[in-house]
Amino acid sequence: MLGRAQELGFIGNGDLEPHVQRALHMAAAVPGRPERALDLGSGGGLPGLPLALVYPTTHWLLLDGSTRRTGFLAEAVAELGLAGRVSVRAERAEDAARSDIRASFDLVAARSFGPPATTAECAAPFLRPGGRLVVAEPPGSTGQRWDPSGLARLGLGPATTVTEPSAVAVLVQERLCPAAYPRRNGVPAKRPLF
């Protein structure tokens, strides 16, 4: 399925194995098994599809703003036999975070969604207190990209960075994200909090 996503241009060219391994590293960085999880900006299904297979009892939502990508994801979910516990939603994160799914996830995973401030602002509203945001980081990252004061405005604790076998940032939702976030469509990217 990921090869097909690559053919459609939803995943970059090259060997897919490192992408799958990175998704598995994201799972290893988070303790326990989440009951409900969200793949933020799922694109071609990374990291959501591999993580849905790693967490066989977790209910997943693959969220992406593109109907073309979510159409592919719906086919992939059906073909992989995941339809009973993996759903797909075509909606911008800023809109979805103000809907019935706000504060309802134990885990939000993000890969290539955007810079740290944008990812944090769009992800935090989905998390329950105690939930975790796990983000694929660039190689060599030390977590300095995640400003603690900006994260605190969203109810997120400081980032913990795991550097091996690949860089991953893990942030805990310490309290509910304030209702003011996320700001309206496009604003988190245009005017980042940090």
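Proline 182 lies in the loop that runs between β7 (168-172) and α8 (187-190). I note at once that this is a predicted model.

**Entry 1: cis peptide bonds**

Tyrosine 181 and proline 182 are joined by a cis peptide bond, and omega is about 0°.

Which residue does a cis peptide bond join to leucine 46? I found proline 47, with omega at about 5°. Next I checked where proline 47 sits. I placed proline 47 in the loop between β1 (36-40) and α3 (48-54).

**Entry 2: positive phi**

I then turned to phi angles. Alanine 103 is not a glycine, yet its phi is positive, near 55°. I found alanine 103 in the loop between α5 (93-96) and β4 (105-110).

Serine 112 is my next case. Serine 112 belongs to the loop between β4 and α6 (116-123).

**Entry 3: exposure of these two residues**

Is serine 112 buried or exposed? I read a relative accessible area of 66% for serine 112. The cut-off for exposed is over 50%, so serine 112 counts as exposed.

For alanine 103 I read 26%. Buried needs under 20% and exposed needs over 50%. Alanine 103 falls in between, so I wrote it down as partly exposed.

**Entry 4: strand β7**

How many of the 5 residues of β7 are buried? I noted 4, so the rest of the structure largely encloses this strand.

Then I looked for the partners of β7. Strand β5 (residues 127-136) runs antiparallel to β7, and 5 bridges join them. Strand β6 (residues 160-162) also pairs with β7 in the antiparallel sense, over 3 bridges. β6 and β7 form a hairpin, and 5 residues lie between them.

**Entry 5: alanine 169**

Which residues stand opposite alanine 169? Valine 135 stands opposite alanine 169. Threonine 161 stands opposite alanine 169 too.

**Entry 6: recap**

I listed two cis bonds, one at leucine 46 and proline 47, the other at tyrosine 181 and proline 182. For β7, I kept the pairings with β5 and with β6.

Conventions. Residues are numbered from 1 along each chain as its sequence is written. This is a predicted model: local features need pLDDT of at least 70, side-chain atom pairs count only at pLDDT 80 or more; totals for chains, interfaces and linings use all residues. Side-chain values use heavy atoms; hydrogens and water are left out. Helices (H or I, at least four residues) and strands (E, at least two) are DSSP runs, numbered from the N terminus. Buried means under 20% relative accessible area, exposed over 50%, partly exposed in between (1.4 Å probe, protein chains only). Two strands pair if DSSP finds at least two bridges between them.
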